[in-house]
Amino acid sequence: MSHLYLSQHLRDQLGLLASLAYPHETCGVLFGKQVQGHISVHKVEQVAYPNQMEGDFHLELLNQQQLDRKTRQQGLEIVGIWRALPDHSHVPSENERHLVTPGHSYLIASVTPGGIAELRSWRLSSNRFEEEDLVS
């Protein structure tokens, strides 16, 4: 099982971004380092905002080359994506497989009016989602 390390500070940051977007969905990118199944998140960035979301997860707002260059300049890599779902399950559906790059984490926050109700992380393994250990 892989481990995703996410500090309390970054959890709080995700909670704020998700709360500000509520009752809409929002999403972003996880930046950090990955070594032998241990993923350490150093930075989170929001890349889709409520008025740009229409019931699906869109990252086309990203200029992939710019993002890759910016990430490398900071000594980091893209280690996953995050998604905040208002009043919705935190378990990925099979329809979401196309959203996740194998080897990347898929962090899902279940958001209510009071903030993040639950936070879980997943990885694709043999074309199905397996939960990864989320550590502070």
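This is a short talk on how one predicted protein model is put together, from its overall layout down to a few single residues.

Hi everyone, and thanks for having me. Please keep in mind throughout that we are looking at a predicted model.

Let's start with the layout. How many helices and strands does the chain have? There are two helices and seven strands. Reading from the N terminus, they come in the order β-α-β-β-α-β-β-β-β. The chain has 136 residues, and 43% of them count as buried. Now take the contacts with a separation of 6 or more: 64% of these are between residues 24 or more positions apart.

Next, the inside. The largest nonpolar core is made of 18 residues, and those with the most contacts within it are Leu6, Leu30, Val41, Val44, Trp82 and Leu107. Which elements give two or more residues to this core? They are helix 1, residues 8-21, together with strand 3 (38-48), strand 4 (77-86) and strand 5 (105-112). Helix 1 is the top contributor, with four residues. There is also a second, separate core of nine residues, and among its members are Ile81, Ile108, Trp122 and Leu124.

Leu14 has a relative accessible area of 3%. Buried means under 20%, so Leu14 is buried. Leaving out residues up to four places away in sequence, Leu14 touches Leu6, Val44, Trp82, Leu107 and Ile116.

Now to strand 5. Is strand 5 largely enclosed by the rest of the structure, or largely open? Seven of its eight residues are buried, so strand 5 is largely enclosed. Let's look at its partners. Strand 4 and strand 5 run parallel, joined by seven bridges, and in strand 5 it is Ile108 that stands opposite Arg83. With strand 6, strand 5 pairs in the antiparallel sense, again over seven bridges. Here Ser110 has Glu118 of strand 6 opposite it. Strand 5 and strand 6 also form a hairpin, with two residues between them.

Here is a handy bit of background for reading strands. In a regular strand, side chains alternate between the two faces of the sheet.

Beyond its neighbours within four places in sequence, Leu107 is in contact with Leu4, Leu6, Leu14, Leu30, Ile81, Trp82, Arg83, Leu119, Arg120, Ser121 and Leu134.

Is Arg120 buried or exposed? Its relative accessibility is 19%, and the limit for buried is under 20%, so Arg120 counts as buried. What does the side chain of Arg120 make a polar contact with? The partner is the side chain of Glu131, at 2.6 Å. Setting aside residues up to four places away in sequence, Arg120 touches His90, Val91, Tyr106, Leu107, Ile108, Glu131 and Leu134.

That brings us to the rings. The structure holds one aromatic pair. The partners are Tyr106 and Phe129, with ring centres 5.9 Å apart and planes at 35°, so the pair is tilted. Tyr106 is in strand 5 and Phe129 in strand 7, residues 128-135, so the pair ties together parts that are 23 residues apart in sequence. Both Tyr106 and Phe129 are buried.

One last stop: Phe31, in strand 2, which covers residues 26-35. At 2% relative accessibility, Phe31 also counts as buried. What sits over the ring of Phe31? It is the charged end of Lys43, 5.4 Å from the ring centre. Another residue to look for is Glu45, which is 14 residues from Phe31 in sequence and 8.0 Å away in space, C-alpha to C-alpha. Not counting residues up to four places away in sequence, Phe31 touches quite a list, including Ser40, Val41, His42, Leu67 and Ile78.

To wrap up, come back to strand 5: it is joined to strand 4 by parallel bridges, pairs with strand 6 in the antiparallel sense, and holds Tyr106 of the aromatic pair.

Technical notes: Residues numbered from 1 in each chain as written. Predicted model: local features only at pLDDT ≥ 70, side-chain atom pairs only at ≥ 80, totals over all residues. Heavy atoms only, no water. Buried < 20%, exposed > 50% of the residue type's maximum accessible area, 1.4 Å probe, protein only. Polar contact = N/O pair within 3.5 Å; in protein donor to acceptor, adjacent residues only side chain to side chain. Contact = heavy atoms within 4.5 Å. Core = buried A, V, L, I, M, F, W, Y, C linked by side-chain atoms within 4.5 Å. Phe/Tyr/Trp six-rings, centres within 6.5 Å; stacked < 30°, edge-to-face > 60°. Lys NZ or Arg CZ within 6 Å of the ring centre and 35° of its normal. Pairing = 2+ DSSP bridges.
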